[in-house]
Amino acid sequence: MCPLIMDNQSNERSFILSGFNETMNFRVPLFSVTLLYYCVILFFNISLVLLIVLDESLHEPMYIFLSSLCINALYGTTGFYPKFLSDLLSSSHRISYEGCLLQGFVMYSFACCDLSILTVMAFDRYMAICRPLHYHSFMTKRRLSQLVCFSWLTSFCIFAINVVLTARLKLCGINIQRVLCLNWLIVKLACPEADTFSNNISAYVILVVYLFHWLFIIWTYIYLIKTCVRSREDRVKFTQTCVPHLTSLILYVTVMAFDSMYLRFGSIDLPQSLQNVITLEFVIIRPVINPLMYGLKLTKIRNRILSLIYLKGK
């Protein structure tokens with residue numbers, strides 16, 4: 001079996017994204033809706049980032065982490081939507097070997113960077129509510145920079161190693177049964193004699209690393225709830241700043257757990273369109289819900305948005 005399809009002109013190795021097979025009859029309406037939705041994602045996330053950057057009153061750790069969450073949404077969706085939109089208008093749904101590895105890296109690092117950012121946000125709320133006297137002395141600009149770097153570099157380093165391990169595999173398939181590349185889908189195309197042991201170990205290491213993220217978040221919320229029970233002021237602070245974070249966490253774990261379980265163990269008997277929707281949940285739901293939820297719930301951001309709308313209306 002030929003390891004990878006070869007382009008006669010350039011000898012470029014490439015995959016076929018066969019998840020597009022069922023979109024051919026309605027690709028123009030799908031293109032229009034997807035383009036509009038991508039513009040909405042860009043508008044919401046860029047607007048929130050610019051609002052936080054330009055308003056000095058929002059230069060606080062919680063809002064800096066929120067802007068980091070929005071930048072990550074822009075990073076992840078840019079790794080998917082432009083290619084997806086291009087493929088909808090193309091008759092050939094191919095992606096180069098290198099492009100497939102890159103998209104797989106972007107998708108996984110985007111999803112896990114989200115969790116790392118939510119983890120440092122949980123730590124920030126823990127310090128602000130449970131250790132208020134130490135908060136400002138601890139959460140310096142340097143410490144803030146370290147936490148932001150941690151949230152980004154952790155996923156980048158882990159998945160860079162993951163991509164290197166995948167790149168060494170000899171592949172005996174060219175069809176990816178989705179509309180995008182994911183690392184595990186590439187590994188599943190490995191030849192029977194290929195050694196995927198390192199890839200499996202890497203997957204378990206990643207699982208353990210992000211399990212510790214979850215355990216840390218649970219630990220912070222145990223202390224947050226204990227502290228907020230004692231004080232009405234802390235309960236108000238918890239409602240204003242922690243409820244959006246907690247909602248985002250619940251949404252994250254629901255989408256990612258469902259998507260991960262389906263990717264590994266899901267049935268291939270489901271309609272292709274439904275398989276695509278399940279796979280794309282994490283680039284459809286969270287990039288819009290997060291800026292909307294935080295923008296409406298966090299008082300400072302909501303008031304700033306309302307003041308801008310009021311000024312434009314005059």
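Predicted model: local features only at pLDDT ≥ 70, side-chain atom pairs only at ≥ 80, totals over all residues.
**Exercise 1. The link of cysteine 172 and cysteine 191**

Describe the disulfide between cysteine 172 and cysteine 191: its S to S distance, its handedness and its place in the chain.

*Solution.* 
Step 1. The S to S distance is 1.8 Å.
Step 2. The angle about the S-S bond is 90°, and the link is right-handed.
Step 3. Cysteine 172 lies in the loop between H6 and S4. Cysteine 191 lies in the loop between H7 and helix H8 (197–230). The pair therefore ties together parts that are 19 residues apart in sequence.
Step 4. Check burial. The cut-off for buried is under 20% relative accessible area. Cysteine 172 has 17%, so cysteine 172 is buried. Cysteine 191 has 3% relative accessibility, so cysteine 191 also counts as buried.

**Exercise 2. Counting and pairing**

How many disulfides does the structure hold, and what is the pairing of the bonded cysteines in sequence order? Then explain why cysteine 113 is too far from the closest cysteine sulfur for a bond.

*Solution.* 
Step 1. The structure holds two disulfides.
Step 2. Number the bonded cysteines in sequence order. The pairing is 1-3, 2-4.
Step 3. Turn to cysteine 113. The closest cysteine sulfur belongs to cysteine 112, and the distance is 8.9 Å, so a bond is ruled out. With 0% relative accessibility, cysteine 113 counts as buried.
Step 4. Cysteine 228 is in no disulfide, and the nearest cysteine sulfur, in cysteine 242, is 6.2 Å away. Cysteine 228 has 5% relative accessibility, so cysteine 228 counts as buried.

**Exercise 3. H1 against H2**

Describe how helix H1 (residues 27–54) packs with H2.

*Solution.* 
Step 1. Pick the quantities. Two packed helices are described by the angle between their axes and the distance between the axes.
Step 2. Read them off. H1 and H2 pack at an angle of about 150°, and their axes are 9 Å apart.
Step 3. Classify the angle. Angles over 145 degrees count as roughly antiparallel. H1 is therefore roughly antiparallel to H2.
Step 4. H1 passes H2 in a left-handed crossing.
Step 5. Name residues in the contact. From H1 they include Tyr38, Ile41, Leu42 and Asn45. From H2 they include Tyr63, Leu66, Ser67 and Cys70.
Step 6. Sort the contact by class. The contact of H1 with H2 has 13 nonpolar, four polar and no charged residues.

**Exercise 4. H2 against H6**

Repeat the analysis for helix H2 (residues 61–78) and helix H6 (residues 141–167).

*Solution.* 
Step 1. The axes come within 10 Å and cross at roughly 25°.
Step 2. Angles under 35 degrees count as roughly parallel. H2 and H6 are therefore roughly parallel to each other.
Step 3. H2 passes H6 in a right-handed crossing.
Step 4. On the H2 side, the residues are Pro61, Ile64, Phe65, Ser68, Ile71, Asn72 and Tyr75. They meet Leu144, Leu147, Val148, Trp152 and Phe156 in H6.
Step 5. By class, the contact of H2 with H6 has ten nonpolar, two polar and no charged residues.

**Exercise 5. Two single residues**

Which residues are in contact with asparagine 183 and with isoleucine 217, leaving aside neighbours within four places in sequence?

*Solution.* 
Step 1. Asparagine 183 is in helix H7. Its relative accessibility is 8%, so asparagine 183 counts as buried.
Step 2. With those neighbours left aside, asparagine 183 is in contact with Gly104, Tyr108, Asn162 and Thr166.
Step 3. Isoleucine 217 is in helix H8. Its relative accessible area is 3%, so isoleucine 217 is buried.
Step 4. With those neighbours left aside, isoleucine 217 is in contact with Leu115, Leu118, Thr119, Ala122 and Leu249.

Definitions and conventions: Residues numbered from 1 in each chain as written. Heavy atoms only, no water. Axes fitted to C-alpha atoms, helices over the stretch in contact; angles between N-to-C directions. Helix = DSSP H or I, 4+ residues; strand = E, 2+ residues; numbered from the N terminus. Parallel < 35°, antiparallel > 145°, perpendicular 65-115°, else oblique. Left-handed = near helix turned anticlockwise from the far one by under 90°. Contact = heavy atoms within 4.5 Å. Nonpolar A, V, L, I, M, F, W, Y, C, P; charged D, E, K, R; others polar. Disulfide = S-S within 2.5 Å. Buried < 20%, exposed > 50% of the residue type's maximum accessible area, 1.4 Å probe, protein only.
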